[in-house]
Amino acid sequence: MAMSAMIKSLEDIMRKDAGLNGDAQYIEQITWLLFLKAFDAKEMEWELREKNVGVIPEGYRWRDWAEDREGITGDALIKFVDELFAKLKKLDASDGDMRKYVVRNVFEDINNYMKSGIYLRQLINRINEKVDFIDATQKHTFNDLYEGMLKDLQSAGRAGEFYTPRPVTNFIVEKVNPKLGEIVLDPACGTGGFLTSTIAHIGKINSTEELELLQTTINGWEKKPLPYLLAMTNLLLHDIETPKIKHGNSLNRPVTDYTASERVDVIVANPPFGGAEDVAVKQNFPAEFQTSETADLFMALIMYLLKDKGRCGIVLPDGFMFGDGVKATIKKKLLEEYGLHTIIRLPQVFKPYASVNTNLLFFQKGVVSRGVWFYRLDLPEGVKSFSKTKPMQDKHFDPVREWWDDKQPIQVDGKDKARFFTAEELGENGLNYDFDKCCPFPHEEEEILEPGDLIARYQAERTELNGDIDRILAEITAKLGV
């Protein structure tokens, strides 16, 4: 069954249940079930190499209550799930087993929305039919499954705000180039896309020691319960047995409290855009960085979290490029202290979740920038915009990959597509530090008509449309012989 068909079949079952209201709840419902199924698959692996694993107590493991098609159902199943949630939220981790902390933290803010045990049993059975995390070929399908859920469940609240297209995470990680043993952090990790791209980039793990090193160096922070659950499941399926994903608001701690031992080698991130933080959060930052804009506060946080010579690749909206105030302060520091070297200007890659142009910024702490290369990544030929049916793909970054290693200026139709600006040129307009002066996307000119001309065009288009409708109806009538 194709991924979209499978998701639709799950959605069809959930739609019948009176307890579910909207696509965001559909995603949460599917994901906690997938987490338990995935975790049980991992427990079976652990049982092969160690005795008395016992992370989830017997009777509450997926295999104990969910795998039997003819198992518990109806009201008894709903009652059992309530008991299951209560058990997992208070899982005893006094023996120090971090895997128990993982389970307990995951279920801290997650809900079962379904009221019908009959439909819940049908949902569980369908998942068992189509998903097998023990099968090595399916262990890494979670990204595809979640991407499919976002594409097929379009009204999922603001689901897109914690999802970054995989080609974007792959490209950023590729160019920042984290290595095994370096501490990697995404302070707004959403579903864990940057972290799984990092794991894939590091590549083959050749020993138990290397696996343990990987386990301890992949880190994420996430504020919201649903993306936190998704990230934990995602990393679990990428062989991170105790994912180091912290559940909480990354901005809630005073940045001056961070010590040298807490700083990291690599940060890869797509912080939330357009958010408005309250006064208490703003006060966690020095006066020069105090703003209500969430993305700007994350930029300031990243500056404190990077080690000397630490590297960062980040997604930021166009507003950052020309903004003043705190934005200008950050841009000045990026040039003077954080070695900003490359900005890739992207088309609207976040459609259909958001229609905003974004930029990829690459920099290194403790380096003075000699200047910045700008490159505009245009839409592929013949593509007017990315969409859920025509999403961005890894190959669409190939033009910038070819340009990256031997950067050269490029002009198209007399306009800059790639160009180098010195730090002095970028700061020449004083405090603004305008990063929008190079390689913006051309905007379609909006045709403004006089009222009479506008009405005439509308009438002509309506006449043409009515003519098409009449023609099609005539063809159908002729075929039917009416």
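Which residue in strand 8 stands opposite Ile 343? In this predicted model, Phe 374 in strand 8 stands opposite Ile 343. Strands and helices are DSSP runs numbered from the N terminus, where helices are H or I of at least four residues and strands are E of at least two.

Residues are numbered from 1 along each chain as its sequence is written. Local features need pLDDT of at least 70 and side-chain atom pairs count only at pLDDT 80 or more, while totals for chains, interfaces and linings use all residues, and side-chain values use heavy atoms, with hydrogens and water left out.

**Overall make-up**

The chain holds 18 helices and 10 strands. Of its 482 residues, 49% are buried; buried means under 20% relative accessible area, exposed over 50%, and partly exposed in between, with a 1.4 Å probe and protein chains only. Contact means heavy atoms within 4.5 Å. Among contacts between residues at least 6 apart in sequence, 74% join residues at least 24 apart.

An open sheet of 10 strands runs in the order 3-2-1-4-5-7-6-8-10-9, and its pairing is mixed. Two strands count as paired if DSSP finds at least two bridges between them. Strand 3 (244-247) and strand 9 are the edge strands, each pairing on one side only. From one strand to the next, the twist averages 15 degrees. Angles run from 0 to 180 degrees between N-to-C directions, and axes are lines fitted to C-alpha atoms, for helices over the stretch in contact.

Helix 9 (residues 193-202) packs on this sheet and touches strand 1, strand 2 (218-222), strand 3, strand 4 (264-269) and strand 5 (306-317). The direction of helix 9 makes about 170 degrees with that of strand 2.

Strand 6 (residues 342-345) has Thr 342 and Ile 344 pointing one way and Ile 343 and Arg 345 the other way, and all are buried. Strand 6 pairs with strand 7 (residues 358-364) in the antiparallel sense over four bridges. With strand 8 (residues 371-376), strand 6 pairs in the parallel sense, also over four bridges. In strand 7, Phe 362 is the bridge partner of Thr 342, and Asn 359 stands opposite Arg 345.

**Nonpolar cores**

A nonpolar core is a set of buried Ala, Val, Leu, Ile, Met, Phe, Trp, Tyr and Cys residues joined through side-chain atoms within 4.5 Å. The largest one has 84 residues, and those with the most contacts inside it are Trp 32, Phe 35, Leu 36, Trp 65, Ile 344 and Leu 360. Helix 2 (residues 23-49) supplies the largest share of this core, 11 residues. Apart from it lies another core of 46 residues, among them Ala 300, Leu 316, Leu 361 and Phe 374.

Leu 36 is found in helix 2. With a relative accessible area of 3%, Leu 36 is buried. Leaving aside neighbours within four places in sequence, Leu 36 is in contact with Ile 56, Trp 62, Trp 65, Leu 84, Leu 88 and Phe 107. The C-alpha atoms of Leu 36 and Arg 63 are separated by 9.6 Å, with the two residues 27 apart along the chain.

**Helix 4 against helix 6**

The axes of helix 4 (residues 74-89) and helix 6 (residues 117-130) come within 7 Å and cross at roughly 75 degrees. The two helices are therefore roughly perpendicular to each other; angles of 65 to 115 degrees count as such, under 35 as roughly parallel, over 145 as roughly antiparallel and the rest as oblique. Gly 74, Leu 77, Ile 78 and Val 81 in helix 4 meet Gly 117, Ile 118, Leu 120, Arg 121 and Ile 124 in helix 6. The residues of this contact divide into six nonpolar, two polar and one charged. Here Ala, Val, Leu, Ile, Met, Phe, Trp, Tyr, Cys and Pro count as nonpolar, Asp, Glu, Lys and Arg as charged, and the others, Gly among them, as polar.

Most residues other than glycine have a negative phi. Asn 177 has a positive phi, and so does Asp 413.
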